[in-house]
Amino acid sequence: MDYFIELFFSGLTRGSIYALIALGYTMVYGIIGLINFAHGEIYMIGAFTAFIVATVLSIYGFPLLAIVVIAGVAAVVWSSSYAYTIEKIAYKPLRHAPRLSPLISAIGMSIFLQNYVLLAQTSDFLPFPALIPEFAFMEPIAHIVGSSDLVILITTFIVMIILTIIIKFSKIGKAMRATAQDRMMATLVGINVNSVISATFIVGSALAAIGGLLIASHIGQINFYIGFIAGIKAFTAAVLGGIGSIPGAVLGSLILGLTESFATGYVSSDYEDVFAFSLLVLILIFKPSGLLGKTTNQKV
Amino acid sequence: MKLSLSGTLFSVAACAVIALSVPSASSAGDTIKFGVAGPHSGDLASYGLPSINAAKLVIDKINAKGGINGKKIEMLVEDDVCKPEIATNTATKLVSDGVDVVLGHICSGATKAAMPIYKDAGILVMSPSATSDELTLSGDYPNFFRTIAPNAAQSPAMVDFAINKLGFTKIAVIHDKGDYGKPLAEGAKKYIEEGGKAKVVLFEGITPGAMDYSAIVQKIKKSGADVVIFGGYHPEASKIVTIMKKKRLKTAFVSDDGVKDDTFIKVAGKAAEGVYTAGPQDNSTNAMATDAKKEHKAAFKKDPGAFFEGAYAATIAMLNAIEKADSTKLEDLKKVLQTEKVATPVGDVSFDKNGDAIGVGFSMYVVKDGKYVVVK
């Protein structure tokens, strides 16, 4: 039973991280119908920003809590400004182009950002400081659920609640939903669609940056390539849950994380990805729009 | 140095020359042509240049004493840039120049490409660095020898260490499913099972680059293993040992020379402490190795670089074989290489029937205070 609980929590932790990234994919898709392949790179840039800020601050001897907060804020701001700029440079000019053009532009952006970080920083793996301390009260169950697992789960949970409140009740949230339903109609009733799209990119990348900080601190290393795999997995999770649906992205991520964890634990880690992607294929065969996706006529 | 000619040996050899002076086509001249092939330019030049220096140091010493059996040694240096397609040209050039033996090539891929040409010409080739198993173990290249251990020798080294030195009996074998890690892990598994002293309690591949390895670490814990043998590279190894520490596992970690990299210690930090890795044999206690390094420093004013000791050893071994056999024919040279031990910077070596040096292997290292330390 212990073993089951251990696997359950490691799957949950992994799923939470996927969720933080998958939300960015799903929100952007919901609003402009674009699969933003550069999103994984935003996650990676968030992790790098947190790394640089945290390293500098720890040299100056800041207390750990201050480092976490400042590094987190810096990562969020920096990643968001990257996403904002990318949207303006690479996607906005192509808003009325055929669907394939912004998709290619997104892939190009992803490759560009990877190589940019590779050249500007390093190709080597860097040791990420342990921003999440080992809590003393967690020690008796540290072999089952670690402190960093706990922090990741709680943070993801809180972020989800805040996001839901923003989308459901705030003015910008309402504007986002309106734009997602019908962009033309939203423009007609006086919503500034461009700023709504920018806001979506900013919110999505802020989540990814938080994910970057948490997972980097959890596994203790980063390099320029981490965004690619994280992005692919999160994208899979978003599709699994129904791309465009926010609860769907969270559900899909948790299912993906748990599947991977149990497949490794009870079958073999050789087949971890085989199970994850077989599940995706099965769900898409029986429910092509994903678990919680709405059946629309055509979007890509 | 064993190569210096003692009086009796010289006269015996001289008699032999007179008695058997049927010059073969390749040794028709009055010099012994010693080829050196490898990357001497390009981004891998740092692997190839030390072997030129090593050959030069040994050959100059012998020539100063009058050469081998009265013949001076002439060096023919050819660049292959570590590229298989260029290596075939390099080999053709050396063969048509009438080379007698070749030191090289450096990279496994280039060596494989060049070997058929030397094989057809019946020329002895000895590499200080090409570790691909196929070169010796496939039996396709009877004229190939090397002074470095093949990849396949690493698995027994890791297993022996874990079982006999550390005394573990329950072993989890993990690999990264890659071309380098998987054969190592499979070799280790086979070796453990054949030995019968320990049990493989878990054998699994992980996905390189995955976000975290908590699940596999839990599985290692459940398997009850007291040591993990890992075949793969350092990025995955550092993630695994970090998670193992987080999950409070006391399981020991033994790995290969793909992990023995300073980045591993830098990234894994405290979690790296106490991790064991295999690595190229430590020759720091061999007097010939230290002397060879000193010679290099005196002659070239810098440290020797990669594979220098192996190249130095290969040069000595080949020239010794030529001297003892008094021939440059492949069969004669092979007989000497396989039957007689010769003192070199990598130890007293002879070669097995596949062409691998006996007694050249891997040392085991442990991470202690942020450094790799040899485990005696």
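Predicted model: local features only at pLDDT ≥ 70, side-chain atom pairs only at ≥ 80, totals over all residues.

Residues are numbered from 1 along each chain as its sequence is written, and chains are lettered from A and ligands numbered from 1 in the order in which they are written.

I then followed the strands (DSSP runs of E, at least two residues, numbered like the helices, H or I of at least four, from the N terminus). Strand E12 (residues 347–351) of chain B runs antiparallel to E13(B), joined to it by two bridges, and strands count as paired if DSSP finds at least two bridges between them. The open sheet has three strands in the order E11-E12-E13 (chain B), with antiparallel pairing. Strand E11 (342–344) and strand E13 (357–358) of chain B each have a single partner strand, so one side of each is left without a neighbour in the sheet.

Along the sequence I read the pattern α-α-α-α-β-α-α-α-α-β-α-α-α for chain A.

Last, I checked where the chains meet, counting residues as in contact if their C-beta atoms, placed from the backbone, lie within 7 Å. The contact takes 28 residues from chain A and 26 residues from chain B. On the side of chain B that touches chain A, H8(B) gives the largest share, six residues.

Definitions and conventions
Contact = placed C-beta atoms within 7 Å.
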